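Here is a short report on how one protein chain packs. Keep the sequence and the 3D view open while reading.

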Amino acid sequence: MKFLFIVQGEGRGHMTQAIAFSKMLKKQGHELTGVIVGKSKRRAIPEFFIREISAPIHLVESPNFACDKAEKKILIGKTIRQNLAKASTFWRSLKEIHEVVQSEQPDIILNFYDLLGGLYNGIFRPETQYWVIGHQYLIYHPEFQFAPAAGLNKFFFKFNTRMTALGATEKLALSFYELESTNEITVVPPLLREDVKKLTATPGDFFLTYMVNSGYGAEVIAFAKANPHLTIRAYWDKKDAAETEQPLPNLSFHRVHDQNFLRDMATCKGLVSTAGFESICEAMYLGKPVMVIPVKGQYEQACNALDTLKSGAGIASDDFDFSKLEQSIQTGSGSMNSFHTWESTWPNTFRKILPETKMTEPDFILTQSFS
C-alpha cells in the first residue's frame with residue numbers, strides 16, 4: 001500500500017513518530033511516497049528528520065502557536081488572530097497538499113496531528129483513506145483524564161483535535177500504557193525509533209532537558225547558576241542558535257540532534273522536559289525518571305503531565321527546578337518493564353489495523369526483530 005504522511009512541524013515528537021512509522025511500513029512491504037510537513041518561521045526542520053524519513057519532503061505553511069514575548073507561554077487569543085489573518089496563505093497550502101495527493105495517489109493519508117490535514121480531508125474529500133495518529137486522540141477514551149481548564153483552553157484543545165480528524169476512517173491514539181480500544185479510536189503503543197531500542201541505559205551524573213519553546217532557556221540558566229553542583233545538558237530547536245553554547249561551566253545548550261540527544265538520554269540521570277509525549281516515552285523505555293513542565297497556555301501539555309503521573313514515569317512541575325527530580329529519583333524498573341511489554345505489541349497491532357497485509361515468514365521475523 002502507498003502512504004502519504006502529513007506531519008505537524010511543532011516540536012520533534014510528531015517527526016520522530018513519523019520516522020518510526022515509516023520504518024515499520026517499509027519492513028512490511030509498504031511504500032511511503034512523500035511527506036508533507038507543516039512549517040513556520042519560528043522553527044527549522046531538523047536535519048535528522050530530512051535524513052531519516054527517506055521520502056520526498058514537501059514543506060507548506062501551517063497554523064502554529066503564538067507565544068508571548070518571552071517565547072514561553074502559548075497565547076490562545078493571539079494564536080487564533082494570527083492564524084485567521086493568514087487564511088489565504090493556508091488556503092494555498094491546502095491546494096499544494098492537493099497537488100501532492102493528486103500526483104502520488106496514495107492509498108492512505110496518515111496525519112500526525114497537523115490541522116491542515118484535517119481541513120484538507122474535510123474540504124477536498126480525496127478518494128483515499130484518511131487516518132490520524134497521536135496521543136491527543138486519547139481524549140476520546142472514557143478513561144482519559146482531562147486537566148483543570150482555564151477559560152476556553154479545554155474547548156479549543158478538543159476542537160483542534162476534532163478538526164485534525166475530519167472524516168478520518170481510523171484514529172490511532174498513542175498511549176503510555178495499554179487500554180482497550182473503543183468504537184471511535186484504536187489505542188496503540190508509542191512509536192519508538194529503532195535507534196532508541198539499540199541503546200544501553202547507564203546511570204549518569206547529569207540531567208538532560210528538552211524545551212519546545214526557547215524562552216525557557218533563561219529559566220534553565222538561572223537555575224544552573226544558582227545550583228553549580230548540578231550538571232545540565234539542554235536541547236532546543238531555537239532557529240538562530242549555535243550548534244553548541246556553554247553559558248555556564250555546568251550548563252550547555254545544543255541544537256536538536258537525534259543521535260546526540262538519544263546518546264545523552266541513555267546516559268543521563270533523568271529527563272526534565274516540557275510535557276511532550278515522545279521524549280517521555282523514550283525516557284520510559286530507557287528507565288529514566290522524568291519531570292515534565294507543561295508549556296503555559298498549552299492545555300494539551302497539562303493533560304500530558306497528568307498522564308505522565310498516571311503512567312508512573314515521573315513527576316510534574318511548574319518550573320525547571322531540577323532539584324525536585326533530584327529528590328524524587330527512583331529506579332523506575334516497574335514502569336519500564338510494563339512499558340516494554342506494551343511497546344512490543346506493535347507488530348500485532350500493525351497487522352490488526354492493516355488486516356489485508358500478507359506477510360511471509362521472513363517478513364514476520366523482521367517485524368518481530370523491530371520490537
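## Basis and overview

This is a predicted model, in which local features need pLDDT of at least 70, side-chain atom pairs count only at pLDDT 80 or more, and totals for chains, interfaces and linings use all residues. Residues are numbered from 1 along each chain as its sequence is written, and side-chain values use heavy atoms, with hydrogens and water left out.

The chain has 15 helices and 14 strands. These are DSSP runs numbered from the N terminus: helices are H or I with at least four residues, strands are E with at least two. Of the 371 residues, 54% count as buried. Buried means under 20% relative accessible area, exposed over 50%, and partly exposed in between (1.4 Å probe, protein chains only). Contact means heavy atoms within 4.5 Å. Among contacts between residues at least 6 apart in sequence, 69% join residues at least 24 apart.

## Aromatic pairs

The structure holds 22 aromatic pairs. Rings of Phe, Tyr and Trp (its six-membered ring) pair if their centres lie within 6.5 Å; planes under 30 degrees apart count as stacked, over 60 as edge-to-face and the rest as tilted. Phe 21 and Trp 346 are edge-to-face, because their ring centres are 6.1 Å apart and their planes stand at 90°. Phe 21 is in helix H1 (residues 13-27) and Trp 346 in helix H14 (residues 346-353), so this pair ties together parts 325 residues apart in sequence. Both Phe 21 and Trp 346 are buried.

Tyr 210 and Phe 261 also pair edge-to-face, with centres 6.1 Å apart and planes at 70°. Tyr 210 belongs to strand S8 (residues 206-210) and Phe 261 to helix H9 (residues 258-267), 51 residues apart. Tyr 210 is buried at 6% relative accessibility, and Phe 261 is buried at 2%. Elsewhere, one aromatic cluster is formed by Phe 3, Phe 5, Phe 21, Phe 112, Trp 131, Trp 346 and Phe 350.

## Charges over rings

A charge sits over a ring if NZ of Lys or CZ of Arg is within 6 Å of the ring centre and within 35 degrees of the ring normal. Lys 154 places its charged end over the ring of Phe 146, 4.4 Å from the centre. Arg 233 lies over the face of Phe 206, at 4.2 Å from the ring centre.

## Helices H4 and H5

What angle do the axes of H4 and H5 make where they cross? Helix H4 (residues 87-104) and helix H5 (residues 115-124) have axes that come within 10 Å and cross at roughly 75°. Axes are lines fitted to C-alpha atoms, for helices over the stretch in contact, and angles run from 0 to 180 degrees between N-to-C directions. H4 is therefore roughly perpendicular to H5, a label for angles of 65 to 115 degrees.

Residues of H4 in this contact include Phe 90, Trp 91 and Lys 95; those of H5 include Leu 116, Tyr 120 and Phe 124.

In H9, the buried residues include Asp 258, Phe 261, Leu 262 and Asp 264. The buried residues of H9 pack against several elements, among them helix H2 (47-52), S8, strand S9 (231-236) and H10.

Ile 280 lies in helix H10 (residues 277-285). Ile 280 is buried, with a relative accessible area of 1%. Not counting residues up to four places away in sequence, Ile 280 touches Phe 176, Leu 271, Ala 275, Val 290, Val 292, Thr 308 and Ala 313.

Notes. Angles under 35 degrees count as roughly parallel, over 145 as roughly antiparallel, 65 to 115 as roughly perpendicular and the rest as oblique.
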